[in-house]
Amino acid sequence: MNVIIKMIQGALIGAGGVLPGVSGGVLAVLFGLYKPLMKFLAHPFKNLKSSVQELWPILLGFAIGYVGIAKVLEEVLKAYETQALAVFVGMTIGIMPSLFREAGEKGRNKYSWISLVGVFVVAFVILGGARILQLTIVPNFGWNMFGGACLTLSIIAPGMSGSVLMLPLQMKAADGTISTFYEHITGAIGNLNMGVLLPVAVGAVLTFVLLTRAVDWMMNNRYNVMFHGIIGLVIAATIFTIPFGAFTAGVGSCLIHIVFVVLGCVATLLLDKFNQKVEKPVEKAEESAVEEYAYASADEAFDAACSALREIL
């Protein structure tokens, strides 16, 4: 039964890595699986056998949820683009309470709010400028790598929905049609398009290698600053995901899309409620102590080094 629950949790985390408005990393935190996953990703060959034995149901469920939801999303976005975007916006609104709850878990200070507002303003200016100038991207190896990096950030950075970063980006396909960069990436995952997935995998691996330990350090030493910055980024990106044209097309269209926003909001609120009921694994006191020591802040490490040097001299 425990294996089945872990597989379901893994599938939800995988789906959260693809679904706009849902962060796989946040789901991992809420399930109590974030730390063991990050420990494994940061040091994959350390205690490999025991890590694989503990995490294989989660990783298997993750793969199923990741590929399965991508295929579904590709078809939904083709047939009901504005309705799907309205649902995604609602899902982002619905997950905000849990994001703010998690962001304040270790307290808030002025730097938390500076981080949130600062990141929001920067992201808003960049995305707004791209929208005003009507910039479109042409998919190539580099952009596909960026897509892989965005999807990876959804997992290793709780609160970050990489798909929200891809939705505002307008893409011009080879046949001249305009769609979102997000549709391009999810379509490639759902159809196992290796021409796109190869650079996506390269971007994902590079992001894991280069950022996993940095994100892990930030989560342990600058938790509130990082989490509030992510919230600012998600809010800014979501604004440019709203299908304003559908809301202004008429009263009927507006009401229909409001219903879809509410449905998305209710879905993530129910998911958050379910997450809170799931029993989280309790860390051993010894492991917590070792981890606390391992992730001592840079200031403390510097002070200790200075003290030791003074004693030697």
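**Close-up views of a predicted model**

The structure holds zero disulfides, a disulfide being a pair of cysteine sulfur atoms within 2.5 Å. This is a predicted model, in which local features need pLDDT of at least 70 and side-chain atom pairs count only at pLDDT 80 or more, while totals for chains, interfaces and linings use all residues. Residues are numbered from 1 along each chain as its sequence is written, and side-chain values use heavy atoms, with hydrogens and water left out.

**View 1. Two cysteines, C150 and C265**. A disulfide is a covalent bond between the sulfur atoms of two cysteines. C150 counts as buried because its relative accessibility is 1%. C265 also counts as buried, at 18% relative accessibility. Buried means under 20% relative accessible area, exposed means over 50%, and partly exposed lies in between (1.4 Å probe, protein chains only).

**View 2. The second largest pocket, with about 540 Å³ of space**. Of the 24 residues that line this pocket, F62, Y66, I155, A204 and F208 are the closest to its centre. On a 1 Å grid over the protein atoms alone, a pocket is an open set of points where a 1.4 Å probe fits, with protein on both sides within 12 Å along at least five of seven lines; a cavity is a set from which the probe cannot get out, and lining residues have an atom within 4 Å of a point. Grid points are joined across faces, edges and corners, and the volume is the space filled by probe spheres set on the points. The helices α3 (34-42), α4 (48-79), α7 (141-156) and α10 (194-221) each supply at least two residues of the lining. α10 gives the largest share, six residues. Helices (H or I, at least four residues) and strands (E, at least two) are DSSP runs, numbered from the N terminus. By type, the lining holds 22 nonpolar residues, two polar and no charged. Here Ala, Val, Leu, Ile, Met, Phe, Trp, Tyr, Cys and Pro count as nonpolar, Asp, Glu, Lys and Arg as charged, and the others, Gly among them, as polar.

**View 3. P199 in helix α10**. P199 counts as buried because its relative accessibility is 2%. P199 and G147 are 52 residues apart in sequence, and their C-alpha atoms are 8.7 Å apart in space.

**View 4. The open sheet of three strands, in the order β1-β2-β3**. The pairing in this sheet is mixed. β1 (136-137) and β3 (178-180) stand at the edges, each with a single partner strand, so one side of each has no neighbour in the sheet. Two strands pair if DSSP finds at least two bridges between them. β1 pairs with β2 (residues 170-172) in the parallel sense over two bridges, and T136 stands opposite Q170 in β2. T180 is found in strand β3 and counts as buried because its relative accessibility is 5%. From T180 to T136 the separation is 44 residues in sequence and 9.2 Å in space, C-alpha to C-alpha.

**View 5. R131 in helix α6 (residues 110-132)**. R131 is partly exposed because its relative accessible area is 34%. R131 and Q170 are 39 residues apart in sequence and 8.5 Å apart in space, C-alpha to C-alpha.

**View 6. Helix α9 (181-190) and the loop that joins α9 to α10**. α9 is mostly covered, with ten of its ten residues buried. Among them are F181, Y182, E183 and H184. L192 lies in the loop between α9 and α10. Although L192 is not a glycine, its phi is positive, about 50°. Most residues other than glycine have a negative phi.

**View 7. The aromatic cluster of F120, F124 and F240**. A search of the whole structure finds seven aromatic pairs. Rings of Phe, Tyr and Trp (its six-membered ring) pair if their centres lie within 6.5 Å; planes under 30 degrees apart count as stacked, over 60 as edge-to-face and the rest as tilted.
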